[in-house]
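Good morning, and thank you for the time. I would like to take you through one structure, moving from a sheet to a pair of domains and then to a single residue.

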Amino acid sequence: MIAMRFLRQTHDMEKKHKPFHRFGLTALLCLLLAGCGDNFDRFLTQKELAEPGNPIFQKRYSTESLSRSELNLLLDMALYKGPPEQYGDIVLRDRSEKHRMDPVVFSHRIHRSRYTCRVCHVELEFTMKKGGTGITREEYLEGLYCGACHNGDIAFSVKYSCNLCHVKVDKQGHYQAKKDAMLGGQNVPTQEYGDGINWVEAIKSGAISPRNSLNAENPPESMPLPQHLKMPLRWTTRSPRTLVVFSHESHILWLDCSNCHPDLFSIAQMGTVEFDKEKNLYGMYCGTCHMTVAFPMNGCNRCHPDQKNRL
Amino acid sequence: MKRAAAKTFQTGVVFGLFISLCGTGIAFAAVKSFEYGNVLMSQPEKDNTALPVTFRHWSHRGKYTCRLCHVDLEFSQLANGTGVMEEDNRNGMYCGACHNGKEAFALEACTRCHPKDKQHEQELAQQAKREFQELKKTLPPATYGNKIDWMKAEEDGIIKPKDFLQGVSLRKSEKMVNSREEPRTPALPGLPNIIFSHAKHVVWNGCGMCHPDTFALESGKTPITMKEITEGKFCGRCHGNIAFALNDCTRCHSKPVLNPGS
């Protein structure tokens with residue numbers, strides 16, 4: 001069935017792009033069809049042994065996905081290729097430049113070795129969309145947003161050290177990357193894409209222990225995961241070759257349930273139906289974090305265990 | 001071929017951006033504490049000259065119970081379901097019941113609610129944000145929603161919401177008040193049990209806000225799923241919009257499960 005659809009798709013593509021090398025495409029098609037079934041089955045049996053009793057959810061989709069060639073084009077353009085020390089940096093210029101200040105460069109990398117995502121994105125009400133919070137000087141001097149920590153007590157004060165945040169950024173967007181003030185030192189596990197640090201492993205191995213709340217005396221209690229979410233979830237994808245593995249456990253190390261549910265992902269089982277790779281690459285669903293701050297989708301292997309990373 | 005591919009890619013980007021803009025508009029609309037519980041009151045089918053009023057629940061709920069407006073004053077619980085007209089307000093219905101110059105500022109102060117123009121709308125919003133931060137400092141904190149624990153504020157006597165308005169409210173019958181606790185077991189194994197407290201709800205809502213329209217009178221006879229709640233049904237009629245947010249899982253799922261394995 002899926003093979004039929006794929007055939008039809010490639011046929012349409014050939015019609016659209018006449019000078020396309022017909023031979024190359026047919027050869028590619030043969031290779032794909034020959035290889036995919038075996039790999040997938042082999043992978044399934046391996047995984048089945050490793051995680052007995054964890055079912056695979058057959059995902060139903062409501063949208064059509066991109067053809068492979070277009071997806072490849074998109075991946076080439078969208079995946080992160082910049083320097084690791086600048087991955088996750090946010091340059092906030094709109095409001096600052098209106099008030100004749102240099103833009104603010106916020107480095108996620110420095111902050112996340114000390115605090116989990118939850119602290120800022122739930123407790124301090126930073127939105128996950130750049131520029132969406134609408135921070136004003138009046139507010140951070142009052143102790144809201146950045147001012148909650150940058151008060152001279154927990155971190156340097158917003159009153160004095162202006163140029164630690166407001167830095168020169170030229171028209172091409174170049175700036176001097178922030179000095180690495182990360183905790184953990186040599187012990188932090190590394191990876192070859194994004195900001196170069198495997199943050200989930202870093203917490204699990206104890207190399208860093210970021211705080212999960214600013215309220216030290218009365219930290220919030222989080223709800224235990226229901227039984228069937230304690231093991232990684234596994235979904236089928238539209239392409240027959242790959243499988244998605246999603247672990248709630250490694251996400252709640254950093255996040256609160258409410259960072260994702262129910263706004264980004266429906267809480268109904270298999271409720272998010274219009275989910276596909278393209279929308280993710282445009283920054284929806286997983287792409288909300290996994291293209292900008294959390295590891296970028298260059299790390300294919302982290303979610304699709306039978307795929308190689310695209311470095 | 002390259003050009004054609006680039007073109008399809010371009011349209012893809014535009015479409016994608018469009019989708020993501022729509023998506024984020026909905027997804028992140030409700031996270032800010034000073035905007036939690038805000039209702040934009042507009043009647044798009046009528047050609048209005050006035051800009052829509054933003055009603056802020058947080059500025060009212062410390063002073064009055066939910067019941068007073070939603071039962072006695074007949075405000076619908078659905079945004080724009082009431083159909084408030086200027087004439088009604090002048091006749092002392094809806095907003096006009098309190099905004100008469102005695103209980104609260106009079107209707108003549110139009111621009112305290114109706115923005116003059118787009119810029120004034122922003123100024124009003126900024127002003128409200130400031131007032132909210134001032135109010136928040138005086139009340140017990142919470143993690144989600146308004147980040148104010150309204151229930152605790154009422155229990156501790158920091159706020160004393162009025163439940164009776166002379167000339168509008170009738171006397172509440174004390175005999176009918178039910179303060180039973182209702183334990184519920186969630187369908188998913190491993191989730192903490194729910195304890196529903198009538199006592200905590202009655203303070204704000206009396207009986208008529210929930211029964212018999214939203215919940216059947218007979219205990220445990222209304223089948224509820226969490227998905228329906230997130231869609232604004234059952235508990236979600238208030239929790240998730242105005243009353244404490246749905247993110248605050250442990251406030252309902254509060255009783256620990258003793259044997260998670262069984």
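Let us begin with chain A, where 3 strands form an open sheet in the order 1-4-5, with mixed pairing. Strands here are DSSP runs of E with at least two residues, helices are runs of H or I with at least four, and both are numbered from the N terminus. Two strands pair if DSSP finds at least two bridges between them. The edges of the sheet are strand 1 (56-57) and strand 5 (243-246) of chain A, each of which pairs on one side only. Strand 1 of chain A runs parallel to strand 4 (residues 233-236) of chain A, and 2 bridges join them. Within this pairing, A:I56 stands opposite A:R234 in strand 4 of chain A.

A word on provenance: this is a predicted model, in which local features need pLDDT of at least 70 and side-chain atom pairs count only at pLDDT 80 or more, while totals for chains, interfaces and linings use all residues. Residues are numbered from 1 along each chain as its sequence is written, and chains are lettered from A and ligands numbered from 1 in the order in which they are written.

I turn now to chain B. Its secondary structure comes to 8 helices and 5 strands, and along the sequence the pattern reads α-β-β-α-α-α-α-α-β-β-α-α-β. Two residues are in contact if their C-beta atoms, placed from the backbone, lie within 7 Å. Of the contacts in chain B with a separation of 6 or more, 50% are between residues 24 or more positions apart.

The domain assignment, whose bounds come from an automatic or database source, divides chain B into domain 1 (33-155) and domain 2 (174-255). Across the boundary, 14 residues of domain 1 of chain B are in contact with 14 residues of domain 2 of chain B. On the domain 1 side, helix 3 (66-72) and helix 6 (150-155) of chain B each supply at least two residues, and helix 3 of chain B gives the most, with 4 residues.

Finally, which loop holds B:C235? It is the one between helix 8 (226-230) and strand 5 (253-255) of chain B. B:C235 counts as buried because it has 21 C-beta neighbours inside 10 Å; the term requires 20 or more other C-beta atoms within 10 Å, with C-beta atoms placed from the backbone. Buried residues make up 19% of the 262 residues in chain B.

Conventions: A residue is buried if 20 or more other C-beta atoms lie within 10 Å of its own, exposed if 12 or fewer, and partly exposed in between; C-beta atoms are placed from the backbone.
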